[in-house]
Amino acid sequence: MIRRVRSAYKRMRLGTRMALGLGALALVVFAVVGTALTTYMRDYLSAQLDTQLAQAQIAQSKSIADYGTLSGKKYYSWFYAVYDVSDGTPQLRKPEDPADLPADVDDFTTLAGAQTAAHTELLRTEHLKGVGDYRLRACEVEPGVVLVSAAPMDDMDDTVRRLITVQVIAFGLALLALVLVGRKLLRRGLQPLSDMAHTAHGIASHDLTESAARLPLRADKRGGGPEVEELRTAFNTMLEHIDHSLAVRAEAEQRLRRFVADASHELRTPLMSVRGYADLFQYAAANAPEERDKHLARLRAEAARMGFLLDDLLLLARLDAAEVEAPLRPVEVDLVELVEHAADAFRASHPDHPLTVAPGPQALKLRLDPQRVRQVLDNLLTNAAMHTPPGTEVSAAVRIRDGRAQVRIADAGPGIPAADQERVFDRFYRVDKARSRDRGGSGLGLAVAVSLVRAHGGTIELTSEPGSTEFTVSLPLSLTRP
């Protein structure tokens, strides 16, 4: 039975459970208040009756002392008994009116004997056979004479019963109203929670497996107090976080698909070239041996190009995986000297692009991987030469600014369109879609550069406008050996 009640209680809605709990608490409060009020009223009426007995006995004692008998006005349904106790044993005097005594006077006699021994007024509540509950009071009228008066308690008990009846009805109605009104108010107060539950069900029915999945649902309804507002804010913040995570996941999946497609396309081109030159090489070897060296050189060039592409992909994969052993071998290197070596190599390989190195610090010792940083510089310089017409000036500079070592590679070419500036560091992305791969590269140079710089704890920033494009590599000076 108890388990059924608990099970039924747990299945109730929160508002109903709170209303029942509030009703139970109110019931306890009403019971305590009713008990205290009833007790106080009974004590008050009892004290009033005791006072009435005492005042009546004062007048009656004077009558007994003056006339030796009980006379005068008497109260209806009261009982009176006069005892002689001069010899220590109570002796009942004959009453003036037989109706002054009940059928059984044992309780009167006992109280008179007790008063003789106590020598003070005594009060008791007794149940007189055949008549009901009475309040008895014994007092000494004069030496050797004791008066015992008894007043009925029917009126007092009736008043207390009526008070209890009124309390039960009033408290019952108040409890019913409290539960009904409280449940309605609680349901209104908890309505925002129900709205959030409906929102959660709507999200659960939303298909999150789609690549472009979004969560348009939000708990927008107001009300419910500060606590519900805090919960609503936390709920919406969680939905925003989930929405953002889904968007990031969708973007990552899209980038992965694009990366796989681009990588497949980039690898297919040299593979097709190798296959074609191999066929030509076989034909030339059989019919024109003098062309063997030319086709063999082309085979080696395509194989080397594919090897470079695979090396870049492997390097990017290792950098993305954040391996414990990062592909870096840091040593103490002079960054200024490293830039000068990269500038000399650029001048030798691209004589049609004049390069100047701006004055800067004489030396700047940092602890970094010289091969990887040189790879970054070569990529940036080569990128400036490949995407600008012959004769375009290129410049390099080393400086210290804002607590960081900076290398600036700039050119005076046509610039990069604003729509492409945010994607130039993406893998396989080319600003000039029509440029051939022989001149435009694989589209991995800038992606490799930014990954290597991040591995060193630095950043690459791009600013470009018509007539000026500038890449700034920033490395923290904390790489300096103390």
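This is a predicted model: local features need pLDDT of at least 70, side-chain atom pairs count only at pLDDT 80 or more; totals for chains, interfaces and linings use all residues.
Local features need pLDDT of at least 70 and side-chain atom pairs pLDDT 80 or more, whereas totals for chains, interfaces and linings use all residues. Residues are numbered from 1 along each chain as its sequence is written, and side-chain values use heavy atoms, without hydrogens and water.

L22, L25, V29, V33 and L178 make a nonpolar surface patch of about 380 Å². Patch residues have over 30% relative accessible area and no salt bridge; nonpolar side chains (Val, Leu, Ile, Met, Phe, Trp, Tyr) are joined within 5 Å. Areas follow the Shrake-Rupley method with a 1.4 Å probe, and only the protein chains shown count as cover. A salt bridge is a side-chain nitrogen of Lys or Arg within 4 Å of a carboxyl oxygen of Asp or Glu. Helix α2 (residues 14–67) gives the largest share, four residues. L178 lies in helix α4 (residues 154–189). Helices (H or I, at least four residues) and strands (E, at least two) are DSSP runs, numbered from the N terminus.

Five strands form an open, mixed sheet in the order β7-β9-β10-β12-β11. Strands pair if DSSP finds at least two bridges between them. Strands β7 (355–357) and β11 (459–465) are the edges, each pairing on one side only. Neighbouring strands are turned by 15° on average, direction ignored. Strands β9 (residues 394–401) and β10 (residues 404–411) run antiparallel, joined by eight bridges. V394 stands opposite D411 in β10.

Helix α8 (residues 335–349) packs on the sheet and touches β7, β9 and β10; contact means heavy atoms within 4.5 Å. The direction of α8 makes about 165° with that of β7. Axes are lines fitted to C-alpha atoms, for helices over the stretch in contact, and angles run from 0 to 180 degrees between N-to-C directions.

Key:
Patches are made of residues with over 30% relative accessible area and no salt bridge: like charges are joined within 9 Å, nonpolar side chains (Val, Leu, Ile, Met, Phe, Trp, Tyr) within 5 Å.
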